[in-house]
Amino acid sequence: MDDANMRHPGSEDAIQDILEQEQERNRQLAIALKEAEKSNAAKTVFLSNMSHEIRTPMNVIIGLDNIALKNPDLDDATRDYLVKIGASARHLLSLINDILDMSRIESGGMTIKNEEFSFGDMLEQINTMIGSQCNDKGLVYDCRVSCRLDDTYIGDEMKLKQVIINILGNAVKFTPVKGSITFNVDLAEESLEKAVMRFVIKDTGVGMDKEFVPKIFDAFAMENDGVKSEYGGSGLGMAITKNIVDAMNGTITVESEKGKGSEFTLCVPLGRVAKASEADNKLPPGQIHALIIDDDITACEHAAMILNRIGVSSDYCLSGSQGLEQFENHLARQDAYNLVLMDWKMPEMDGIETTRRFRDKFKDEDYTIILTTYNWDEIVDEAIKAGVDGFMSKPFFKKSILGQIQNIMLASGYENRKKKASIAGRRVLLAEDMTINAEIMKQILRMRDVDMDHAENGELVVDMFRESSENYYDAILMDIRMPILNGLEATKEIRAMDREDAKSIPIIAMTANAFDEDVRLSIDAGMNAHLTKPVEPDALFGMLERVLEQEEI
């Protein structure tokens, strides 16, 4: 009898054993996954709490430093001390930001934008900053452009600038006095639609051991304790840089020799602006921010690609409810969308119903909604009544989408439709449990002739608002973490009051809670906007102007 056809005793038992082992392995993997998810959630909570605890005193330091430097009677020595205090405080804040950036990258929260930007302006900004640092330290700085470059490209200007400044900043940090830094820009390759930019940054600094070079992009990597103590830093800068470069589909390499310096080579692909369409494209670069809402992810990606080609930055989401939430989150952060491309046929809530809810929820905001479908003849009247501004056929093509956006947005003068409210003479109610923070805010608001009353906790802010006459306060600046009653609870109590201004008064979260989920909690509690401490005066004034606009329309 052929051995292959023999039925071995116990073979079924062996198969059963293998199946049971596989099931046990899967069970162990499921347990490990749950533990990893718990660990990640705990890390997020920890970082959020630490961010708050560190940013709160940082707000005091930076705020008092800014106010003190405005004193014209300061002697030179005191002014020098204050400048150094401010520089150190901002350095500490940059370390906090590095930690938060790395956390966001690890959780998959980083996105890469694609919008038209001026390459020359970006280089000018970089050279101004790094040139000044080199001058202060006594270094020679030389930026060279080795080939003909276009005036504009398409990509994520802010993140590209962050990467370049991070590498150049390290070169400044690790190059001793009388050293030199060169920054060379040229093209690695070019086609009609894409240009791979090559940036080479070379310094005559302290350099690195060859054994350490492969580890430079690891998180928390530092060559030795001496480097850490002498130069400082979080050890995250180059890891963040590498992650951003990877997300941009670029490459970064480094060569270094101890005592002789380092050379970084960065290659990043950027989109090219087609010469033939430049004269026809009247869209102001970087001023249109679009939200694409479509349940088909392929359609979203295609629309984003086409918008990218005409220099419009965009984000997308896959349902109307997600679109409403995303629009609100960006509005709260002063990064509002001014164009929404809305698919008609979506499950749960179609484009017309979603448009209706957009117009109802954000009636005081200025944005354009374009409904995207294959044929809109049957729905045109209903769509216009719901608030749709125009229609666009699918699939998109560059010429049609450019023409439609220009016809609707530019023809209606969207750039000039919003007018800023005057905040001089307004009165705000500040809820802040730290007296020194309240004193700083009072002096900042006084710069623009805004009057302020102060409540030390959430319960008191509710009482002061309740006892005031209607419309006595124009806005409320609400801290979140306060004793007795926190800012979220206080906001809910104010919104629940039986008086007209309780429903309409702008309430702005002003807090050290910096995460996206914190913004969501503020909005869900009934707040209009969310500012993260330390609050810069311009950001505060801009936010007040925006939330008070409806009163002057």
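Mentor: β10, α10 and β11 form a right-handed β-α-β unit; right-handed here says that, with the strands pointing away from you, the path from the first strand over the helix to the second runs clockwise. The helices (H or I, at least four residues) and strands (E, at least two) are DSSP runs, numbered from the N terminus. Before going on, please keep in mind that this is a predicted model, where local features need pLDDT of at least 70, side-chain atom pairs count only at pLDDT 80 or more, and totals for chains, interfaces and linings use all residues. Residues are numbered from 1 along each chain as its sequence is written, and side-chain values use heavy atoms, with hydrogens and water left out.

Now to the strand itself. Five of the five residues of β10 are buried, so the strand is largely enclosed by the rest of the structure; buried means under 20% relative accessible area, exposed over 50%, and partly exposed in between (1.4 Å probe, protein chains only). On one side sit Leu339, Leu341 and Asp343, on the other Val340 and Met342, and both faces are covered. In a regular strand the side chains alternate between the two faces of the sheet.

What are its partners? Strands pair if DSSP finds at least two bridges between them. β8 runs parallel to β10 and is joined to it by four bridges, with Ile293 opposite Met342. With β11, β10 pairs in the parallel sense over five bridges, and Leu341 has Ile370 of β11 as its bridge partner.

Stepping back, these strands belong to an open sheet of five, ordered β9-β8-β10-β11-β12, with parallel pairing. β9 (313-317) and β12 (390-393) are the edge strands, each pairing on one side only.

Next, the helix of the unit. α10 (residues 351-361) lies across β8, β10 and β11, at about 150 degrees to β10. Axes are lines fitted to C-alpha atoms, for helices over the stretch in contact, and angles run from 0 to 180 degrees between N-to-C directions.

α10 also packs with α9 (residues 320-332), at an angle of about 25 degrees and with axes 10 Å apart. Contact (heavy atoms within 4.5 Å) is made by Gly320, Gly323, Leu324, Phe327 and Glu328 of α9 and Thr354, Arg357, Phe358 and Lys361 of α10.
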